[in-house]
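Have the model open beside you as you read. This report walks through a few backbone details, some strands and the charged side chains.

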Amino acid sequence: MAAYAAVVSLMYSINQIQNHFHPPVSLDKNVVESLAENLTFLQDFLECYSFHFGYSKEANPLEMRIADAAYAAEDVIESHIFDQIHAGSKNRGKKISSIDFCVSLQSVIDEIDSIKKEVIKIKEKKGIQDQLQKNPTPSSSRSSSAFMGQNPVVGFDDIKLEVMDKLIGGQLDRQIIPIVGMAGIGKTTLARTVYQNLAVVEGSCPLELEEIGKEIVENCRGLPLSIVVVGGLLARSKQTREYWEYIAKNLNSIVNLEEDEHCLKVLHMSYNHLPVHLKPCFLYMGVFSEDKKIPVSKLIRLWVAEGFLKPCSDGKSLEEIAKEYLIELIDRNMVLVHQLGCIGNIKNCHIHDLLRDLCLREAEKQRFINVIRPHSVKSSQDASNQRRVVIPKVSYQENALNALQSMSRVSSLTFWDSRDVLQLYNFRLLRIMSFSSFNHSYYHEHVLKLVNSRYIVLNLHRNAKFLSSICLLWNLHTIIIETGGKVTAPVEIWDMPQLRHLMSRIGIYLPPPRGGNTSRRGDVVLMNLEILGRVINFKCCDDAVRRIPNVKKLKILFDGEVDGNCLAKLGELQKLESFRCYSLLGVGDILHNHTFPRSLRRLTLSLRAARSEDVLGIVGALPLLEKLVFIGTFEGRVWETVEGQFRSLKFLKLEDCPGLDIWTTESSHFPRLEHLVLVLLEELQVIPPEIGEITTLKSLKLVECRNSAVESAKRIQEDQEDNFGEVSLQVKVQISDYDQIQELQSLFCSNFQLV
């Protein structure tokens, strides 16, 4: 909900100011304590009280009043920050008067205090009770669906029996069975037929909930999305008759609506029952374009930058909290997994079209998101209150830029297909500017005027150095550098304690921290920094490592003269989970006598000068390592693994390893390996047959390998069939040489594919 997001965001902003090593403004201690007390009270109220008033085209007035007050407070504070920073940069640090700021802030505080008093009266009058203890609106009489059970599934008898068997076949854990396929083949009819079967209903819920379960299933009308989402709601709720009856009555009231509208009402009920901390995360999904996969890493960075994630007291980072929230939404079937990574992590997600429709309806109703459309007309008051604005298409852009002139309070702009945003540097409160595609007109001299920015994408010329004034962006979380070449960062980067993610697609030169004290308050430690890459010739020396103690992802490229101690302190980064290191030809042995952090889970090494056998011996001892990509030279011609190594490894990719003729191993040396990829191993004679004895192995891919290696993969697959009676191993072979393809043609089949 918008109110909860606004309150959490305001508390987060105040905390960022109070804990900043060089606060952009000074806030009176008594004012902050009073404001924090009132905000905590309202936050607790929103977390405990449910605004479950059924579907309505209007937002709840009290909720919107809370949201508007919190937004207003943030606007007053961040507008003053904007004025102070720009005045200081123009007048050599001279500050402007704070009288108007204090008056405006006090006015907002008075409004928040007034809201608190109103909430206290509500609590005293009605009490805060669980929704189940309230008397729901009497439901309309239930009528049987006109189409339930009328359409038999022709040709699907075997599939129907298989699905029913999975649902009621004695499984103790809850079964979720996706039904997928092309439009029109009968997915919905199959779902209706299965779910009208009483045996399924009886076998899928506790005995004491059997009758009410039948009613819930019937009122979902066999619509797969309704069934899935309501199932997710029930799965995450208390298994009590009272709660299920409450859900059934809500479904009864909408049973006679048209199909799409019925489904939307069911989904709205599921949205209403989301925990309050998940609602802003769900509504935010509306900023992404329809039918597009959403990179989870980007989604998490945006959630964090928006400020609506409530920090935990247990030490978890905001990124960890965001991942947990996403998993909760997926468990409730409100967000769908689009693609898994090679070690089971969620890489991309997406949202069902109807859920996205609900998302946008609810988000626009609460002024949480505004999508600018060609003929959309809003009153001047509505326009001025918009916080997050989405511009869908280039064709709308002129109309959008005109509309934006009246939206002075915009804090987040999302372009799905942008070309020119030169006019956007006048937005004083802008925090986030996000693009779906690369933009050629978004230069950093413009964005550096937006001092409240938290998430920026910079377009820099090749070999450029971006300006030291970036340190004026006092609360910057994410810097993404999109450019055609390598760029140089200013040393002032080390003085930005709020920085969480610094990323460059090609490469960035990051100067070492300045020695000694950077200010009277001492060196700045980037406690929040989690992602750093792709950094060129970065030295993990004492001072640098001390400044980034919590970094989790580090990517380094060595392309010139470096000494053997450039990674000397790498092992001291005890939070490091992902490390990528690339060294070009001519670079010395950068890993000589160095150790890796035992916290590593993902590792990519491209090392031309190091002895691969020695490096892999060190890598194999990492207890948590799940993914390894290795490029290097084998001087001894043989790689022999030993017992006790690679205990957690799920994914192994060996690429371009000159000198690797023979690989000797045992299945017990890779006890959890699931995916093996071999690329450009032109000298490897055969894949060890013991690889086929690894019971967890799911896939094997060979790219531009010699014939004997491909033939050995086929033998491994055949041995599996002989030993286990079936082939679970999927093999893919990629070859560009026509003659080689012809020589191997007889090997290829459905599970041994040429790609």
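E704 sits in the loop between β21 and α21 (707–724). Helices here are DSSP runs of H or I with at least four residues, strands are runs of E with at least two, and both are numbered from the N terminus. Although E704 is not a glycine, its phi is positive, about 55 degrees. With 22% relative accessibility, E704 counts as partly exposed; buried means under 20% relative accessible area, exposed over 50%, and partly exposed in between, using a 1.4 Å probe and protein chains only.

L680 shows a positive phi too, near 55 degrees, in a residue other than glycine. You will find L680 in the loop between β20 and β21, and at 32% relative accessibility it is partly exposed.

## What you are looking at

This is a predicted model, in which local features need pLDDT of at least 70 and side-chain atom pairs count only at pLDDT 80 or more, while totals for chains, interfaces and linings use all residues. Residues are numbered from 1 along each chain as its sequence is written, and side-chain values use heavy atoms, with hydrogens and water left out.

How many residues of strand β20 (residues 675–679) are buried? The count is 5 of the 5, so β20 is largely enclosed by the rest of the structure. H675, V677 and V679 point one way from the strand, L676 and L678 point the other way, and all are buried.

Two strands pair if DSSP finds at least two bridges between them. Strand β18 (residues 651–655) runs parallel to β20 and is joined to it by 5 bridges, with E655 partnering V679. β20 also pairs with β21 in the parallel sense, over 5 bridges; here L676 stands opposite L700. Next, strand β21 (residues 699–703) and β22 run parallel and are joined by 5 bridges, and K701 has K732 as its bridge partner in β22. Strand β22 (residues 730–734) has two faces: V731 and V733 are on the covered one, whereas Q730, K732 and Q734 are on the uncovered one.

## A three-stranded open sheet

Another sheet is open, has 3 strands in the order β1-β3-β2, and pairs in the antiparallel sense. β1 (294–295) and β2 (336–340) are at the edges with a single partner strand each, so one side of each has no neighbour in the sheet. Between β1 and β3 there are 2 bridges, and the two strands run antiparallel. P295 has N348 as its bridge partner in β3.

## A patch of positive charge

Strand β3 (residues 346–350) also holds K347, which is partly exposed at 42% relative accessibility. K347 gathers with K293, K323, K553 and R580 in a patch of positive charge on the surface. Members of such a patch have over 30% relative accessible area and no salt bridge, and like charges are joined within 9 Å.

## Salt bridges

The structure holds 35 salt bridges, each being a side-chain nitrogen of Lys or Arg within 4 Å of a carboxyl oxygen of Asp or Glu. One of them joins K552 and E320, whose closest N and O atoms are 3.1 Å apart. K552 lies in the loop between α19 (542–547) and β13 (553–558) and E320 in helix α14 (residues 318–331), so this pair ties together parts 232 residues apart in sequence. K552 is buried at 15% relative accessibility, whereas E320 is partly exposed at 30%.

A second pair, E118 and R65, meets at 2.4 Å, N to O. These two link distant parts of the chain, with E118 in helix α4 (residues 99–126) and R65 in helix α3 (residues 61–90), 53 residues apart. D543 and R546 form a salt bridge as well, their closest N and O atoms being 2.3 Å apart. Why are they separated by about one helical turn? Because they are 3 residues apart in helix α19. D543 is buried at 19% relative accessibility, but R546 is partly exposed at 41%. Finally, E74, E78, R431 and R454 are linked in a network of salt bridges.

## A cis peptide bond

One more backbone detail deserves a look. G533 and R534 are joined by a cis peptide bond, with omega about 0 degrees. R534 belongs to strand β12 (residues 531–536).

Notes: Patches are made of residues with over 30% relative accessible area and no salt bridge: like charges are joined within 9 Å, nonpolar side chains (Val, Leu, Ile, Met, Phe, Trp, Tyr) within 5 Å. Accessible areas come from the Shrake-Rupley method with a 1.4 Å probe; for residues, only the protein chains shown count as cover. Lys and Arg count as positive and Asp and Glu as negative; His and the chain ends are not counted. The place of a charge is taken as NZ of Lys, CZ of Arg, CG of Asp or CD of Glu.
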